[in-house]
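Let's walk through this model together, one region at a time. Have the sequence and the 3D view open as you read.

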Amino acid sequence: MVENERLRQEMRRCEAELQDLRATPAAPCPGCEHSQESAQLRDKLSQLQLEVAENKGMLSELNLEVQQKTDRLAEVELRLKDCLAEKAQEEERLSRRLRDSHETIASLRAQSPPVKYVIKTIEVESPKTKQALSESQARNQHLQEQVAMQRQVLKEMEQQLQSSHQLTMQLRAQIAMYESELERAHGQMLEEMQSLEEDKNRAIEEAFARAQVEMKAVHENLAGVRTNLLTLQPALRTLTNDYNGLKRQVRSFPLLLQEALRGVKAEIGQAIEEVNSNNQELLRKYRRELQLRKKCHNELVRLKGNIRVIARVRPVTKEDGEGPEAANAVTFDPDDDSIVHLLHKGKPVSFELDKVFSPRASQQDVFQEVQALITSCIDGFNVCIFAYGQTGAGKTYTMEGTHENPGINQRALQLLFSEVQEKASDWEYTITVSAAEIYNEVLRDLLGKEPQEKLEIRLCPDGSGQLYVPGLTEFQVQSVDDINKTCPLPRVTFLLFTVTVHFQGACLCPR
C-alpha cells in the first residue's frame with residue numbers, strides 16, 4: 001500500500017508536468033515545414049497521455065483487488081481465530097469430562113460394595129465415557145481439517161498477494177519507462193520549438209525583404225499609372241461625346257419598345273388561339289378514344305360474363321394427414337380448364353365453371369383472371385370480388401395472401417393506385433374506404449366509434465337504384481399502406497371503396 005501511494009504521487013507529478021507543457025504550447029508559424037512533425041509529436045504526446053490514463057485505471061483496479069484480498073484475509077483470520085477458540089473450549093471441556101471420569105472411577109474403586117455391583121456400574125459408565133471420548137476425537141479431527149483448509153486458503157492468499165506485488169513492480173517499471181519517454185519527448189519538443197522559432201524569424205526577414213521589393217514595384221507602377229492618366233484625357237473627351245449620343249437614343253427607345261410589344265402581343269395571342277384550337281381537337285379525340293376503349297373493355301367483360309364463378313383447389317397440407325387417404329379427391333380435365341371432376345359417394349361427378357385453378361396455380365395466375373375488373377371500377381362500374389368456401393378451404397390465403405406473396409385484395413389495391421398515378425396528369429381521383437360487416441343479417445360499421453351500432457341499407461333518393469348505408473364511416477386514403485392502417489381486418493365480410501373521378505373539373509362518373 002505504501003508503494004502504491006508512492007506511485008500515485010509520481011503519477012500526479014507527471015500529470016502536473018503534462019499540464020504545464022500543455023498550458024504553454026508554441027504557436028506554429030504558418031507555412032512552416034516543421035508543422036507536420038510538430039503535429040505528429042502532439043499526437044504521440046496524446047497517445048502517451050492515454051496510456052498513462054490506462055495505467056492509472058489498471059493501478060486503481062489493482063488497488064481495489066488488493067483491498068478486497070486484504071479484507072478477505074482479515075475475515076479468514078477472524079474465522080480461524082474463532083475456530084481455534086472453539087477447539088480450545090472443546091478440548092478443555094473434554095479434558096474436564098475425562099478428569100471427572102477418572103475421579104469417578106477412582107472413587108468407585110475406593111468404595112467397598114460387592115464386586116458384582118462395581119462391575120455393573122463400570123459397565124454402565126464406561127460406554128458413555130468411550131462414546132464421549134470418540135465424539136471429542138472426531139470433532140478434534142474435524143477441527144484439524146478445517147485448520148488445514150484455512151491454512152491452505154491463507155497460502156493461496158499470500159501467493160495472490162505476491163503476484164499483485166509483482167504486477168505492481170511491473171507497473172512501476174512501465175511508469176518509469178513512460179517518464180523517460182515523456183522527458184525525451186519534452187526535450188525533442190523544446191528542440192523543435194527552438195528550430196521553429198529560428199525558422200519563424202528567418203521567414204519574417206524574408207517576408208520583410210519581399211515586401212520592400214514589392215513596395216518599390218508598386219511605386220514604379222503608380223508612376224506609370226499617372227503618365228497613363230495624362231494620356232487618357234483625350235480618350236475621355238471622346239467617350240463623353242459618345243455618351244451624349246447614346247443618351248439621345250435612349251430617349252427615343254420607349255416609343256420603339258411600345259411598337260415592338262404590340263407586335264409581340266399580337267403574335268402571342270394568335271399562337272394561343274392556335275394552341276387552344278389544337279387542345280380542343282386533342283381533347284375531342286381523347287374522349288372519343290376513351291369511350292371506344294371503355295366500350296371495348298366493357299364488351300370484353302360482358303363476353304366473359306358479368307357474374308363469373310371461379311374455383312380454386314388448394315393442395316394437400318399436413319392437416320389432411322398422410323397416406324393414401326390424404327390424396328386429392330379432385331381431378332381436372334387436361335383439355336378444358338373449366339371442368340372439375342370429383343367422387344361423391346363413390347360416383348364421379350363433374351362441374352363446369354367459368355375457370356378452374358389447379359393446386360399448382362399461383363396467386364398471380366388467379367389475379368390475372370380478375371385483373372380487368374379493376375379497370376371497370378375506374379371506368380365507373382360497381383365491382384365485387386369475394387371468396388366462398390368452408391373453413392380451411394384457403395379463402396383468406398387467396399384474398400389476403402402473405403407479405404411475400406399477396407392475394408387478390410392487396411394486388412387489386414396496388415393495381416388501382418398504379419392506374420390512378422398513371423392518369424394523375426389528366427384525371428383527379430378521390431378514393432375513400434369504408435368497412436362494414438354483414439353477420440347474422442345485421443349490418444355493423446367496423447371503422448366507427450361504436451361497432452355494435454346497427455345500420456340500415458337504403459336506396460339512393462336520386463332514383464338511380466343504387467344502394468347506400470347512411471352514417472357509414474369513410475376515410476380518404478392515398479395509398480395501399482393507408483388502407484392497411486385504416487382497415488387492418490383480414491376477414492372483412494364487405495369492403496366498400498368509393499372512387500370519385502374528375503376530368504378537367506367536371507365529375508364524369510362517380511362510383
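How many bridges join β3 to β4? The two strands are joined by 6 bridges and run antiparallel.

## About the model

This is a predicted model, in which local features need pLDDT of at least 70, side-chain atom pairs count only at pLDDT 80 or more, and totals for chains, interfaces and linings use all residues. Residues are numbered from 1 along each chain as its sequence is written, and side-chain values use heavy atoms, with hydrogens and water left out.

The secondary structure comes to 9 helices and 13 strands. Helices (H or I, at least four residues) and strands (E, at least two) are DSSP runs, numbered from the N terminus. Of the 511 residues of the protein, 23% count as buried; buried means under 20% relative accessible area, exposed means over 50%, and partly exposed is in between, with a 1.4 Å probe and protein chains only. Among contacts (heavy atoms within 4.5 Å) between residues at least 6 apart in sequence, 62% join residues at least 24 apart.

The mean pLDDT of the protein is 77, and 86% of its residues reach 70 or more. This score is the predictor's confidence in each residue, from 0 to 100. Confidence is highest in strand β1 (residues 310-312), at a mean of 91, and lowest in strand β13 (residues 506-507), at 32.

Two stretches call for care. Over residues 112-125 pLDDT stays under 50, and the model has 3 contacts beyond four places in sequence for them. Residues 490-494 also stay under 50, with 10 contacts beyond four places in sequence. Where pLDDT is low, the predicted coordinates should not be read in detail.

## A three-stranded sheet

Back to the strands we began with. An open sheet is formed by 3 strands in the order β2-β3-β4, with antiparallel pairing. Its edge strands are β2 (330-332) and β4 (347-352), each pairing on one side only. On average, neighbouring strands of this sheet are turned by 30° against each other, direction ignored; the axes are lines fitted to C-alpha atoms, and angles run from 0 to 180 degrees between N-to-C directions. Two strands count as paired if DSSP finds at least two bridges between them.

β2 pairs with β3 (residues 339-344) over 3 bridges in the antiparallel sense. Here Thr331 has His341 as its bridge partner, and Val330 stands opposite Leu342. A hairpin through 6 residues joins β2 to β3.

## The nonpolar cores

Which residues touch the most other members of the largest nonpolar core? They are Phe367, Ile408, Phe417 and Val477, out of 24 residues in that core. The elements giving two or more residues to this core are α5 (363-370), α6 (372-379), α8 (408-422), β6 (427-439) and α9 (480-486). α8 gives the most, with 7 residues. A nonpolar core is a set of buried Ala, Val, Leu, Ile, Met, Phe, Trp, Tyr and Cys residues joined through side-chain atoms within 4.5 Å.

Leaving aside neighbours within four places in sequence, Phe367 is in contact with Ile408, Arg411, Ala412 and Leu415. A second, separate core of 7 residues includes Leu7, Leu62, Leu171 and Ile175.

## Helix α6

α6 is mostly covered, with 6 of its 8 residues buried. The buried residues are Leu373, Ile374, Ser376, Cys377, Ile378 and Asp379. After α6 comes Gly380, whose phi is positive, near 110°.

## Two residues to look up

Is Asp199 buried or exposed? Asp199 counts as buried because its relative accessibility is 14%. This residue lies in helix α3 (residues 115-251). The side chain of Asp199 makes a polar contact with the side chain of Arg202 (2.3 Å). A polar contact is a pair of N or O atoms within 3.5 Å; within protein, one must be able to donate a hydrogen and the other to accept it, and residues adjacent in sequence count only if both atoms are side-chain atoms.

Pro315 is found in the loop between β1 and β2. With a relative accessible area of 43%, Pro315 is partly exposed. Beyond its neighbours within four places in sequence, Pro315 is in contact with Asp320 and Pro359. The C-alpha atoms of Pro315 and Ala361, 46 residues apart along the chain, are separated by 9.9 Å.
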